[in-house]
Amino acid sequence: MDCLQGWPEQVVRVQALSDSGLMTIPDVYVKPPAERPSIGNGGAVTSDIPVIELGGLAEGAAECRATIRAVADACSEWGFFQVVNHGVSPDLVARVREVWRAFFHLPMEEKQAYANDPKTYEGYGSRLGVDKGAILDWGDYFFLHLLPESIKNQNKWPALPSSCRETVQEYADELAKLCGTLMKVLSISLGLDAEQLQTAFGGDAVGACLRVNYYPRCPQPELTLGLSAHSDPGGLTILLADDCVRGLQVRRGDDWVTVQPIPGAFIVNIGDQIQVLSNAVYRSVEHRVVVNAAQERLSLAFFYNPRSDVAIAPVSKLVTAERPQLYRPMTFDEYRLHIRKKGPKGKSQVESLKAQC
């Protein structure tokens with residue numbers, strides 16, 4: 001990542017723009033007409049994203065098989081689903097929301113002490129990608145490396161208050177367990193050994209990151225996006241959506257469907273690395289975030305990724321004469337460099353692997 005030395009332009013905090021009371025957003029946030037959300041008549045609010053009861057995994061054989069089938073169907077048909085009875089304490093969820101809302105409401109000079117750069121992205125940020133003159137998204141974020149332990153210890157995390165560190169660590173531990181369970185379910189649903197996907201990810205040396213997204217109020221939400229359309233570059237994403245304000249939209253064919261989060265649920269989506277490993281049996285799906293003129297929005301995205309130096313390629317059992325290998329091998333370090341340079345760009349990276357195979 002040494003080629004990413006610094007931001008190409010002065011970083012402007014979107015929250016500061018919003019708090020200034022401006023009535024017109026700067027041109028650098030105005031999306032081309034084809035990428036703008038259709039506020040009011042865009043993707044319909046729906047609860048039709050699959051909802052899966054994970055408690056069935058711990059019940060009888062029939063219930064366990066039904067849960068695995070439900071996950072398989074959701075991955076095949078949507079690439080997104082919500083999970084309930086996932087085992088993560090509601091108290092912990094409330095606490096992690098509270099500490100991050102508190103962070104984003106600190107005075108700007110205090111937040112600036114944690115400003116990030118594109119070499120690791122770790123810390124307080126306001127843009128993805130280092131292309132000069134790029135059209136930016138209407139959002140700020142805080143990014144943390146959580147796993148492997150060697151990476152976290154090397155970077156020593158930005159110097160957050162101890163209460164925040166402890167809560168984030170507890171939250172990360174619980175979501176890593178949830179991802180481990182889901183990786184087994186995905187493996188079995190693909191007809192593989194239960195540990196095969198986890199082994200392909202590097203076993204116990206997997207990576208994990210957390211990005212806390214903060215989308216301030218926007219005076220012209222019809223012209224911009226909180227996060228541009230993209231598929232996630234990693235393996236699994238566990239999203240804790242805002243408990244009051246909708247914003248996530250998922251591509252469904254030619255339409256954008258606005259997700260209605262269920263209280264107490266996590267939203268799960270498969271990333272590009274699962275698409276590659278499954279040889280496109282399961283596909284990552286583009287999604288984006290719309291912003292709101294009246295309310296701010298906070299979400300937490302936990303990314304469960306392969307070990308950075310392990311080459312990811314389709315599992316041999318899923319490569320057949322009828323379904324030849326679709327993707328060439330690439331390490332996650334190489335893969336994520338694309339989004340760190342270019343920012344969110346649809347599914348361009350995973351499609352480039354297919355084109356060059």
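I take buried to mean under 20% relative accessible area, exposed over 50% and partly exposed in between, with a 1.4 Å probe and protein chains only.

I note that this is a predicted model: local features need pLDDT of at least 70, side-chain atom pairs count only at pLDDT 80 or more, and totals for chains, interfaces and linings use all residues. Residues are numbered from 1 along each chain as its sequence is written, and side-chain values use heavy atoms, with hydrogens and water left out.

**Entry 1: the chain**

I find that 53% of the 357 residues of the chain count as buried. I list 10 helices and 15 strands, taken as DSSP runs (helices H or I, at least four residues; strands E, at least two) numbered from the N terminus. The radius of gyration is 20 Å, close to the 21 Å of the globule rule for 357 residues, so the chain is as compact as a globular protein of that length. That radius is taken over C-alpha atoms, and the rule is 2.2 Å times the number of residues to the power 0.38.

**Entry 2: aromatic rings**

I pair rings of Phe, Tyr and Trp (its six-membered ring) if their centres lie within 6.5 Å; planes under 30 degrees apart are stacked, over 60 edge-to-face, and the rest tilted. I find both Phe-103 and Phe-142 buried. They also belong to one aromatic cluster with Trp-100, Phe-104, Tyr-114, Tyr-124 and Tyr-214.

I looked next for charges over rings (NZ of Lys or CZ of Arg within 6 Å of the ring centre and within 35 degrees of the ring normal). Arg-13 lies over the face of Tyr-124, 4.1 Å from the ring centre. The charged end of Arg-252 sits over the ring of Trp-78, at 3.9 Å from its centre.

**Entry 3: the sheet**

I count two strands as paired if DSSP finds at least two bridges between them. I traced an open sheet of eight strands with mixed pairing, in the order E2-E3-E11-E8-E13-E6-E5-E4. Its edge strands, E2 (51–53) and E4 (123–125), each pair on one side only. Within the sheet, E8 (residues 236–240) and E13 (residues 297–305) pair in the antiparallel sense over five bridges. I looked up Leu-239 and found that its bridge partner in E13 is Ala-301.
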